[in-house]
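Here is a short tour for anyone setting up calculations on this protein. Have the viewer open and follow along.

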Amino acid sequence: MERHITLGEFIIENQKDFPYAKGELSALLSSIKLAAKMVNEKINKAGLSQIIGKMGTNNIQGENQAKLDIIANDIFISTLKNRGEICGIASEELEHYVAFDEDMHKDAKYIVLIDPLDGSSNIDVDITVGTIFSIYRRISPAGAKVKKEDFLQPGDSQVAAGYLIYGTSTILVYTTGNGVNGFTFDPGVGSFFLSHPQIRYPEHGKIYSVNEGNYVHFPDGVKKYIKWVQQIDEKDGRPFTSRYTGSLVADFHRNMLLGGIYLYPQGTTSPNGKLRLLYECNPMAFLTEQAGGKAIDGETRIMEIIPSELHERTPFICGNSEMVSIAERFIGGNY
Ligand code: AHM
Ligand code: MG
């Protein structure tokens, strides 16, 4: 009989791959798994339990928060706090990072950055949303209170990153720097099972994901690239197919499995695009590269950017390596 591997088993079996393995990172991933199950349960019941809708409050980016944004944020923060594996957390929903400084966190080595409910404008219309997380080792001395610098590390310093996609199935996808694996939640059993081992982008892709309503604001190179993907060329299968949900996690997941490129360039809501470097782009860039893809801001590798603010934004282009390289050449004026 085929063996079904649970996420818990997989984490333990792969603990040996972690450079500093003492079990803390495994425990932390298990805590994220637990919080994700709780959030998943709330999302599935959103329509029933009257929790759909807006709170009427704004988050730090001035965006109206859906109730589930706040619920997901609270669940992740309280679950991770209660289990003592991290010494601090920064969330897209909170202005400041939160330092955990009770006795149980004294020896904790890790910090987490999280977008608890990404694509939350899609909740009320029953379209896929996600959670994105990123894990780093603290750089401040153990035992001291965490500092802002602990959270402002470049993506290359990530120890692990992943996302939950609350779609037709709920899937947890993560990397610890040794490939990307996906686990599908079986609600009857209450466990995640390995369903997508060692995910790799297909060598060639034919899907592009971009909010074309913003076309007029895009840099010339991006405009030219979009026109290029829409031209007929039988050799590489153009015109490519356009797919865009407005949920980064959903667009990313599809593009990684089927072969595609995601673009959120500058020139729209801010000169740096919309997506946040620390909560969205770095974790997705880590996953992208681990799956054989490429993630850039137009010219620089996302994971090399040195962050200066918790909520800073960056233009973001990620996906199949070949497609991103061509987009990069258009942006650089070399195509
Ligand atoms: P959010 O974290 O507030 O939900 O915003 C991020 C989302 C991404 O999931 C998505 O790719 C993007 O915003 C869509 O933005 P737009 O509606 O401008 O196309
Ligand atoms: Mg988000």
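## Ala327 and the core

In this predicted model, Ala327 makes contact with Tyr225, Ile261, Leu263 and Ile317, once neighbours within four places in sequence are set aside. Ala327 also belongs to the largest nonpolar core, which has 96 residues. Together with Ile86, Tyr110, Ile111, Val112, Ile135 and Leu172, Ala327 touches the most other members of that core. In soluble globular proteins, nonpolar side chains tend to be buried together.

## The annotated binding site

An unreviewed UniProt entry gives the feature "binding site" at Asp115, Asp118 and Glu280. These positions span 166 residues of sequence, yet they cluster in space, with a largest C-alpha distance of 8.5 Å.

Let's take two of them in turn. Asp115 sits in strand 5, residues 110–118, and counts as buried because 28 other C-beta atoms lie within 10 Å, where 20 or more are needed. Beyond four places in sequence, Asp115 touches Glu92, Thr131, Ile132, Tyr279 and Glu280.

Glu280 is part of helix 7, residues 277–290. Glu280 is buried too, because it has 26 C-beta neighbours inside 10 Å. Leaving out residues up to four places away in sequence, Glu280 touches Asp115, Asp118, Ile132, Leu248 and Leu275.

Technical notes:
Residues numbered from 1 in each chain as written. Chains lettered and ligands numbered in written order. Predicted model: local features only at pLDDT ≥ 70, side-chain atom pairs only at ≥ 80, totals over all residues. Core = buried A, V, L, I, M, F, W, Y, C linked by C-beta atoms within 7 Å. Buried ≥ 20, exposed ≤ 12 C-beta atoms within 10 Å, placed from the backbone. Contact = placed C-beta atoms within 7 Å. UniProt positions renumbered as here; feature names shortened; annotations may be inferred. Helix = DSSP H or I, 4+ residues; strand = E, 2+ residues; numbered from the N terminus.
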